Amino acid sequence: MTNSRVKNTLLSTFTNIAEQIITIVFGFIVPRLVIKTFGSEINGLTAFITQFLNLFQLLQCGTVGASIYALYKPIATNDYEKINEIVDASKKFFFKIGVVFSFLCLVLIPVICFLQKDSSFKTWELIIVTIIMGINAALSFFFDARYDIVISSYQKRYVLSLARIINKLTYYILFFLVVIIKSHFVFLYASSLAGKCVSIIILHHYYCVYSKDWRKPILSNEYKIDNRGYLLSIQISFQLVMALPYIIVSTFYDLVQTSVYSINYMIMNVLYLLVSAFCMSVTEPLANYKNTHSEEEFYSVFYMIFYFIILIISIFAGCFICLDTPFIKLYMSDVNVELYAKPLFAYTLVVSFIFMTIYLILNLCVDMYGLFKEIHLYTVISLVISFLIFIIIGKTLSIEYIPLGLACYYSIIDFSYICIIKNKTSILKVQKFLLSIITLFSTTGIILLLKKTINYECDTFIEWILCGVFVFVFAFTVEFIQLIIIDRKTILSACKYMYKKINNVLEKK
């Protein structure tokens, strides 16, 4: 890829990962401080209102993705008129949805007041909190969605990540100020709104920069956003399947076991978000490269990125299966360690992790080729099948087997995606792809065998980190050797490319 694409991809990856790290770190700190300072009811109220707002936000599911896909080609060819038509149509659609969302938030106010009438909150507190949270969410329809579409299409996702980082940091600074001076808890929600406003100002500036060549009023625009309905069903399916484990655990077990599941899932989710961050960062640059280069050039770049993702997944899977249980023991050392540290979780979660991350790779192809219509039905079918499996597991097996429901869903999705991508495009070399997937399981199996042989214990976080470094290097070596055997030419080309880039950087210095 060109230097600008590489730069955009690296910037997007690093800023997205930085954003995830900030979210994870403060995700541990903030809830505890809220409970300690204002009481546990505040957390409950936030979660309660958020569930309603998340339900309302399904109104826009699919539209952002459909608009971004529609912009790939006109941006690559500098078709300014078409770009303006698509963005204008998206802007008007989101404005209408924003008005509907705002109305639903107003309707929600008396509902919240009625349902929480027996709580310790005063009516005016409930009204103000609901309004602030509603405004915060509504701003995404009126501003964020339009900015997201344009900035993502121009391969500048790092701008979105930076805006979200500033949003979070503004919120956390104001949050700690509210906690320190022990102000009214309503100001916690106002802090979040202030962070959102700061990020909107930043995004508006960049939106104006990227749209200055084509942005102009359109009196009559008949453009319709394609694929929105298909993306709606796909996104709803994925949101529901990610919520199912918590629903099943809280229904068939209890809230204590829900906490156990969430702590164990948390570590796997961190690794998944890191892989997802990278995949999101390369989606737009790859789509642009596809529209401006020959198929042979595109395939070469795609498989370099593909093998890099496979290598990362393999390293993460190996580290997780070795380090998950020791981490839980150290992290929960002052609580009930036996309750939380369940070794079987590491095995079932790592299987889920592999299938979930394989989906991220396949979804790159779906996004680039716009195969939303072809795959939407399979996501719904997979959801129904996995729902039944979740229920069977919940009724007959222990909580450690719950992640297998996720593994089932994503394995069906992966198989469906492979078949569709193979039939509709020529990008997927099935033999190479399947052999690469086999290496994921073989590397993880080798590391598991090594773990069983050594039978180590980590008594401190220093020992845990040292163990992690060893597993990282070992997993990298094993997976890299297997990938060279599968596709020596592409792997060596990627190594030469990286070596050349590093040399260029060093020469400039």
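This is a predicted model: local features need pLDDT of at least 70, side-chain atom pairs count only at pLDDT 80 or more; totals for chains, interfaces and linings use all residues.
Residues are numbered from 1 along each chain as its sequence is written, and side-chain values use heavy atoms, with hydrogens and water left out.

Q: At what angle do helix 5 and helix 7 pack?
A: Helices here are DSSP runs (H or I, at least four residues) numbered from the N terminus, and axes are lines fitted to C-alpha atoms over the stretch in contact, with angles from 0 to 180 degrees between N-to-C directions. Helix 5 covers residues 123–153 and helix 7 covers residues 186–211, and their axes are 10 Å apart. The angle at which they pack is about 15°.

Q: Is helix 5 roughly parallel or roughly antiparallel to helix 7?
A: Angles under 35 degrees count as roughly parallel, over 145 as roughly antiparallel, 65 to 115 as roughly perpendicular and the rest as oblique. Because helix 5 and helix 7 pack at an angle of about 15°, helix 5 is, relative to helix 7, roughly parallel.

Q: How many nonpolar residues belong to the contact of helix 12 with helix 14?
A: Helix 12 (residues 343–369) packs against helix 14 (residues 403–424) at an angle of about 25°, with the axes 8 Å apart. Nonpolar residues are Ala, Val, Leu, Ile, Met, Phe, Trp, Tyr, Cys and Pro, charged ones are Asp, Glu, Lys and Arg, and the others, Gly among them, are polar. Alongside four polar residues and one charged residue, the contact of helix 12 with helix 14 has a nonpolar count of 19.

Q: How many salt bridges does a search of the whole structure find?
A: A salt bridge is a side-chain nitrogen of Lys or Arg within 4 Å of a carboxyl oxygen of Asp or Glu. One of these pairs is Asp88 with Lys92, at 3.1 Å from N to O, and both residues lie in helix 4 (residues 80–115), four residues apart, about one turn of the helix. For the whole structure, the number of salt bridges found is four.

Q: Which residue forms a salt bridge with Arg164?
A: The closest N and O atoms of this pair are 2.8 Å apart, and the pair links distant parts of the chain, 145 residues apart, with Arg164 in helix 6 (residues 157–181) and its partner in helix 1 (residues 3–38). Buried means under 20% relative accessible area, exposed over 50% and partly exposed in between (1.4 Å probe, protein chains only).

Q: Where does Asp487, which forms a salt bridge with Lys432, lie?
A: The closest N and O atoms of Asp487 and Lys432 are 3.0 Å apart. Asp487 is buried, with a relative accessible area of 6%, while Lys432 is partly exposed at 29%. Lys432 lies in helix 15 (residues 430–454), so the pair ties together parts that are 55 residues apart in sequence, and Asp487 lies in the loop between helix 16 (461–486) and helix 17 (488–508).

Notes:
Helices (H or I, at least four residues) and strands (E, at least two) are DSSP runs, numbered from the N terminus.
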